[in-house]
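Subject: The model we talked about

Hello,

Here is the structure for you to open on your side.

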Amino acid sequence: MLVLKVFGPEVEHEELRLPDCSERDLVLSCERIAFIDALAVSSDHQGRGIGTVLCDRALEIARDRGCDIICAMASKYVTGVTNAEGVFRRMGMTAGIELKGYWDMLVPGISCRYCEGSCRCSGVFWYLSLRPAISASRRCQRRPLRFRLRSGSRVSCPDTASSRV
């Protein structure tokens, strides 16, 4: 199962509830945010690449919808294990801020199979920027020439040596 939400920065606090941090600044700088709200594979079918296929589909949808970032919140249990860490790393996502007591903040008094009683597990924010990062030199190399050069003229591109045409 995959639940992917797409929204703008104006609802970041309702959807992600990130504190004031660099990850929140990154999210707020985006026009469109893709959020993996739920990712689950039946225990009978885990380890077969289904989670990876679902995440690949989430990336495809996020790019098709013009999202600048894709992110998710994973559980880090009191045992120290973070669910979905492997699949998020394979997607190229980066682990960001860890929020202690995140799940209890979302649903006060929620019970947890790892924490006897009220949940004390953390939430770990995972993210991947989908913005193209093209350096000035790459832009120059990809830009088509729209004029003719005379023999012997010099052309240059930032970060590259001049060359004779």
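Phenylalanine 88 counts as buried, because its relative accessibility is 3%; buried means under 20% relative accessible area, exposed over 50% and partly exposed in between, with a 1.4 Å probe and protein chains only. Please keep in mind that this is a predicted model, where local features need pLDDT of at least 70, side-chain atom pairs count only at pLDDT 80 or more, and totals for chains, interfaces and linings use all residues. Residues are numbered from 1 along each chain as its sequence is written, and side-chain values use heavy atoms, with hydrogens and water left out.

Tryptophan 126 is buried too, with a relative accessible area of 1%. Now for the aromatic pairs: rings of Phe, Tyr and Trp (its six-membered ring) pair if their centres lie within 6.5 Å, and planes under 30 degrees apart count as stacked, over 60 as edge-to-face and the rest as tilted. The model has five such aromatic pairs. One of them joins phenylalanine 88 and tryptophan 126, a tilted pair at 5.8 Å centre to centre with 50° between the planes. Phenylalanine 88 sits in helix H4 (residues 85-90) and tryptophan 126 in strand E5 (residues 122-129), so the pair ties together parts that are 38 residues apart in sequence. Tyrosine 102 and tryptophan 103 form an edge-to-face pair, 4.8 Å centre to centre and 85° between the planes; both residues are buried.

On to the overall fold. The protein chain has six helices and seven strands; these are DSSP runs numbered from the N terminus, helices being H or I with at least four residues and strands E with at least two. From the N terminus on, the order is β-α-α-β-α-β-α-β-α-β-α-β-β. Of the 165 residues of the chain, 32% count as buried.

Five strands form an open sheet of mixed pairing, in the order E1-E2-E3-E5-E4, where two strands pair if DSSP finds at least two bridges between them. Its edge strands, E1 (2-7) and E4 (94-99), each pair on one side only. Neighbouring strands of the sheet are turned by 25° against each other on average, direction ignored; axes are lines fitted to C-alpha atoms, for helices over the stretch in contact, and angles run from 0 to 180 degrees between N-to-C directions. E4 and E5 run antiparallel and are joined by four bridges, and threonine 94 has tyrosine 127 in E5 as its bridge partner.

Helix H3 (residues 50-64) lies across E1, strand E2 (33-39), strand E3 (69-76) and E5, at about 155° to E2. Contact here means heavy atoms within 4.5 Å.

Threonine 82 counts as buried, because its relative accessibility is 13%. Leaving aside neighbours within four places in sequence, threonine 82 is in contact with Ala74, Ser75, Lys76, Val124 and Trp126.

Among contacts in the protein chain between residues at least 6 apart in sequence, 64% join residues at least 24 apart.

Happy browsing, and do write back with any questions!

Best wishes
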